[in-house]
Amino acid sequence: MLLPETSFTLQAPGLIALTGPNGAGKTTLLKTLAGRQLPSSGQCLIGNLTAYEFDPAFRAAVASLIDTPPMARDMTLNEQLMLVRLSWGDDDDEARFGAEQCLAQLTIPHLGDRFPYELSSGQLQLFALALTLSRPFEVLLLDEPERHLDAERVVALLALRISGGEVAVESSADEEHSESVVVSVAEASGDAAGEFDEPIESPMFVKPSQVGLVLRC
C-alpha cells in the first residue's frame with residue numbers, strides 16, 4: 001500500500017500543507033489529486049470532475065508542479081511563459097505582460113531574456129513555478145516547491161495566489177515552512193474554516209466558497 005486510507009474535503013479559497021517524512025505518501029497523494037494515477041478504491045473529485053488527467057475539463061481546472069515541467073532549451077524564459085499564456089487564450093500583449101509580471105512576482109524579472117541552461121538550480125525551480133502559475137487554474141498542486149529556494153519567497157507567492165480564490169495543496173518535508181505558508185495565507189485571506197472526515201497530521205487553512213476538492217480512498 002503506497003498510501004493509507006485518506007479522506008478529506010477542502011473548499012476554496014484555501015491551502016492545505018501535507019507534511020511528513022520521505023516515503024509517507026505525500027507525492028502519491030498529489031499524483032492522485034492530479035489525476036495521474038487512479039485511487040485503488042473510492043473517488044477523487046475536483047468540483048464535480050473525477051480526477052483524470054486526460055479529461056480536458058479536468059486539465060483546465062488543475063495545475064500541478066510535481067515533476068519538473070518541460071523546458072525548451074532554445075527559448076528564453078519570457079518566450080516560454082508567453083507561449084503558455086497564449087495557449088490558454090491570452091493575446092500577444094496580455095501574454096507579454098503576464099510573463100513579465102509572473103517573473104517580477106518571483107523576484108527574477110532580470111532573468112526573462114535568459115535560457116534555461118543558464119540558470120542555477122534555484123532559478124530553475126523558480127522558473128518551473130512560473131510555468132505552472134502562468135496558466136489559469138482552480139486547483140494548484142505543488143510537490144515541495146521550496147526546494148533550492150528562499151522559503152519566504154514561496155510563502156509570499158502562495159499567499160498572493162490563494163487570496164485570488166484558488167485552492168492549493170502543497171507537500172513539504174519541512175514542517176516549519178508549511179506552517180509559515182499556512183499562517184501567511186490565513187493572514188492574507190481572513191478566518192479559516194474547513195471540513196475533514198478524519199484528523200490528519202498537517203497544518204491547514206481553508207475558507208468556504210463554491211469550488212471544492214473531495215477525496216475518498
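**Figure 1. Leu 126 in helix 5 of the predicted model.** Leu 126 is buried in this predicted model, with a relative accessible area of 4%. The residue belongs to helix 5, which covers residues 121-133. Along the chain, Leu 126 and Leu 149 are 23 residues apart. In space, the C-alpha atoms of Leu 126 and Leu 149 are 7.7 Å apart.

Figure 2. Is Gln 125 buried or exposed? Its relative accessible area is 11%, and because residues under 20% count as buried, Gln 125 is buried. When residues up to four places away in sequence are not counted, Gln 125 touches Leu 65, Glu 144, Pro 145, Arg 147 and Leu 149.

**Figure 3. The contact of helix 3 with helix 5.** Two packed helices are described by the angle between their axes and the distance between the axes. For helix 3 and helix 5, the axes come within 9 Å and cross at roughly 25°. Angles under 35 degrees count as roughly parallel, so helix 3 is roughly parallel to helix 5. The crossing of helix 3 past helix 5 is right-handed. Which residues meet here? From helix 3 come Leu 77, Gln 80, Leu 81 and Val 84, and from helix 5 come Phe 127, Ala 130 and Leu 131. Sorted by class, this contact has six nonpolar residues, one polar residue and no charged residues.

**Figure 4. The contact of helix 3 with helix 4.** Helix 3 (residues 77-87) also meets helix 4 (residues 92-105), and the two axes come within 8 Å. At what angle do the axes of helix 3 and helix 4 cross? They cross at roughly 125°. That angle makes helix 3 oblique to helix 4. The crossing of these two helices is right-handed. On the side of helix 3, the contact is made by Leu 77, Asn 78, Leu 81, Met 82, Arg 85 and Leu 86. On the side of helix 4, the residues are Asp 92, Glu 94, Ala 95, Arg 96, Gly 98, Ala 99, Glu 100 and Leu 103. By class, seven of the residues in the contact of helix 3 with helix 4 are nonpolar, two are polar and five are charged.

**Figure 5. Leu 103 and its surroundings.** Leu 103 lies in helix 4 and is one of the residues through which helix 4 contacts helix 3. Its relative accessible area is 1%, and Leu 103 is therefore buried. Leaving aside neighbours within four places in sequence, the residues in contact with Leu 103 are Leu 77, Asn 78, Leu 81, Ile 108, Pro 109, Gly 112 and Ala 130. Of these, Asn 78 is 25 residues from Leu 103 along the chain, and the C-alpha atoms of the pair are separated by 8.3 Å.

**Figure 6. Thr 107 in the loop between helix 4 and helix 5.** Thr 107 lies in the loop that joins helix 4 and helix 5. Most residues other than glycine have a negative phi. Thr 107, a residue other than glycine, has a positive phi, near 60°. With a relative accessible area of 44%, Thr 107 is partly exposed.

**Figure 7. Helix 1 and the glycine that follows it.** Helix 1 (residues 26-33) is mostly covered, with six of its eight residues buried. Which residues of helix 1 are buried? They are Lys 26, Thr 28, Leu 29, Leu 30, Thr 32 and Leu 33. Helix 1 is followed by Gly 35, which has a positive phi, near 75°. Gly 35 is placed in the loop between helix 1 and strand 3 (43-46). Its relative accessibility is 4%, so Gly 35 counts as buried. Apart from neighbours within four places in sequence, Gly 35 is in contact with Ala 51, Tyr 52, Glu 53 and Phe 58. The C-alpha atoms of Gly 35 and Phe 58 are separated by 8.4 Å, although the two residues are 23 residues apart along the chain.

**Figure 8. The protein as the setting of the close-up views.** The protein has seven helices and nine strands. Of its 217 residues, 47% are buried. Among the contacts with a separation of 6 or more, 72% are between residues 24 or more positions apart. The accessible surface comes to about 10800 Å², and carbon and sulfur atoms account for 49% of that surface.

Technical notes: Residues are numbered from 1 along each chain as its sequence is written. This is a predicted model: local features need pLDDT of at least 70, side-chain atom pairs count only at pLDDT 80 or more; totals for chains, interfaces and linings use all residues. Side-chain values use heavy atoms; hydrogens and water are left out. Axes are lines fitted to C-alpha atoms, for helices over the stretch in contact, and angles run from 0 to 180 degrees between N-to-C directions. Helices (H or I, at least four residues) and strands (E, at least two) are DSSP runs, numbered from the N terminus. Angles under 35 degrees count as roughly parallel, over 145 as roughly antiparallel, 65 to 115 as roughly perpendicular and the rest as oblique. A crossing is left-handed if the near helix is turned anticlockwise from the far one by less than a right angle, and right-handed if clockwise. Contact means heavy atoms within 4.5 Å. Ala, Val, Leu, Ile, Met, Phe, Trp, Tyr, Cys and Pro count as nonpolar, Asp, Glu, Lys and Arg as charged, and the others, Gly among them, as polar. Buried means under 20% relative accessible area, exposed over 50%, partly exposed in between (1.4 Å probe, protein chains only). Accessible areas come from the Shrake-Rupley method with a 1.4 Å probe; for residues, only the protein chains shown count as cover.
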